[in-house]
Each structure stands twice: as structure tokens, then as C-alpha cells.
Amino acid sequence: MSSPNDEQQILKLFEDGDRALITANLAELSRIFADDYMQYDEAGKSFTKQDVINNLKSGAIRYIAMISTGRKIRLLNEHVAVVHGSESDEVEQGGRRFFVRYIYLDVVVKRDGRWQIVASQLATSSGNERENGPRDS
């Protein structure tokens with residue numbers, strides 16, 4: 001059975017992920033994303049965990065600020081949860097800085113006693129001027 005503490009652990013995982021994306025903390029992101037992590041962006045392009053890390057490492061994308069504008073955690077059982085919500089990000093990509101608003105659905109799994117993100121599906125909210133590229137949490 002899942003515990004009330006699971007929801008707090010998942011919330012912390014996402015908060016840690018936001019901070020790690022802004023600071024490009026690759027070691028922290030490696031902990032947060034499962035090795036088999038897959039992300040699909042708003043155009044349907046897929047990114048693996050290594051793709052996300054490489055894009056941050058190379059500077060192809062940089063997150064200046066991230067503001068969660070809504071996040072709901074649904075524990076499906078003791079090992080699986082779905083997190084959906086929205087966020088507003090300030091991003092730098094291709095020499096341009098812009099704002100983007102996302103809605104997302106993430107799947108998190110508890111393995112060996114710790115939660116990790118295993119899958120993400122992203123969609124942009126209306127009014128975006130964002131070019132294609134990954135959002136990472």
C-alpha cells in the first residue's frame with residue numbers, strides 16, 4: 001500500500017528536478033530520471049534520458065526559470081504514480097531567450113525504494129513562441 005509520505009517524496013522529486021534543470025545539475029538529473037526514461041515533446045519527438053542530459057551538458061538548451069502553475073499527484077498503487085500539471089519556463093535555446101507554458105503528464109515508478117520519472121508527455125499551452133526541443137521534468 002502506498003503511504004502519504006509517497007506523495008511528499010514525489011513532490012520533492014519534481015521540485016529537485018526543477019532546480020536541477022535550472023542549474024544543469026547532471027548528476028541530480030541522472031538520479032531523478034530512470035535509465036529507461038522517455039520523453040515526448042509537443043511535436044511527438046522522443047528524447048531518452050541521455051538525450052536530455054546531453055542537451056543540457058552541451059548548452060543546446062538552458063532553463064533560466066521554472067514556475068509550477070499546477071501539479072497533481074495520483075498514486076495508482078504502491079509503485080506507480082501519475083503526475084500532471086502545468087508550468088511556465090524561461091528558456092534559452094539557439095541564442096534566443098523566450099517563455100514557454102507547458103502542460104504535462106509524467107509517470108513515476110518506485111524502484112528499490114525510491115521514486116524516479118520514467119516517462120513524460122508534453123504539450124504547450126496557447127500563446128507559446130517556443131521552438132521544438134525538450135522540456136525535462
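**Figure 1. Overall fold of the predicted model.** Along the sequence, the elements run α-α-β-β-α-β-β-β-β. The model is predicted. The protein has three helices and six strands. Of its 137 residues, 41% count as buried. Among contacts with a separation of 6 or more, 57% join residues 24 or more positions apart. The protein exposes about 7,000 Å². Carbon and sulfur atoms supply 50% of that area.

**Figure 2. The largest nonpolar core.** In soluble globular proteins, nonpolar side chains tend to be buried together. The largest nonpolar core here has 27 residues. I10, L13, F14, Y63, V83, V108 and I117 touch the most other members. At least two residues of this core come from each of α1, α2, β1, α3, β3, β4, β5 and β6.

**Figure 3. Pairing of strand β6 with β1 and β5.** Strand β6 spans residues 114-124. β1 and β6 pair in the parallel sense, over four bridges. M38 stands opposite A119 of β6. β5 and β6 pair in the antiparallel sense, over ten bridges. V109 has Q116 in β6 as its bridge partner.

**Figure 4. The β5-β6 hairpin and D112.** Two residues lie between the strands of this hairpin. D112 sits in the loop between β5 and β6. Its phi is positive, about 50°, although D112 is not a glycine. Most residues other than glycine have a negative phi. Is D112 buried or exposed? D112 counts as exposed, because its relative accessibility is 85% and the cut-off for exposed is over 50%.

**Figure 5. A24 in the loop between α1 and α2.** Helix α1 covers residues 4-23 and helix α2 covers 26-32; A24 lies in the loop between them. The phi of A24 is near 55°. That is a positive value in a residue other than glycine. A24 is partly exposed, with a relative accessible area of 34%.

**Figure 6. Salt bridge between K49 and D35.** Side chains of opposite charge can pair when their charged atoms come close. The structure holds eleven salt bridges. One of them joins the side chains of K49 and D35, at 2.8 Å from N to O. The pair links distant parts of the chain. K49 is in helix α3 (residues 49-58), and D35 is in strand β1 (residues 33-40). The two residues are 14 residues apart. D35 counts as exposed, at 71% relative accessibility.

**Figure 7. Salt bridge between D36 and R111.** The side chains of D36 and R111 meet in a salt bridge of 3.0 Å, N to O. This pair too links distant parts of the chain. D36 belongs to strand β1, R111 to strand β5 (residues 96-111). They are 75 residues apart. D36 is partly exposed, with a relative accessible area of 44%. R111 counts as partly exposed at 34% relative accessibility.

Figure 8. E92 and R62 form a salt bridge through their side chains, at 3.3 Å from N to O. E92 lies in strand β4 (residues 80-93) and R62 in strand β3 (residues 61-75), so the pair ties together parts that are 30 residues apart in sequence. E92 counts as partly exposed, at 26% relative accessibility. R62 is partly exposed, with a relative accessible area of 38%. Salt bridges with shared partners also join K12, D16, R19, E28 and R31 into one network.

**Figure 9. Surroundings of R71.** R71 lies in strand β3. Which side chains make polar contacts with R71? The side chain of D18 does, at 3.3 Å. The side chain of Y104 does as well, at 2.9 Å. Not counting residues up to four places away in sequence, R71 touches L11, F14, E15, D18, V83, H84, G85, E87 and Y104. Among these, F14 and V83 are also named in the largest nonpolar core.

Key
Residues numbered from 1 in each chain as written. Predicted model: local features only at pLDDT ≥ 70, side-chain atom pairs only at ≥ 80, totals over all residues. Heavy atoms only, no water. Salt bridge = Lys/Arg side-chain N within 4 Å of Asp/Glu carboxyl O. Buried < 20%, exposed > 50% of the residue type's maximum accessible area, 1.4 Å probe, protein only. Contact = heavy atoms within 4.5 Å. Areas by Shrake-Rupley, 256 points an atom, 1.4 Å probe, with all protein chains shown as cover. Core = buried A, V, L, I, M, F, W, Y, C linked by side-chain atoms within 4.5 Å. Polar contact = N/O pair within 3.5 Å; in protein donor to acceptor, adjacent residues only side chain to side chain. Pairing = 2+ DSSP bridges.
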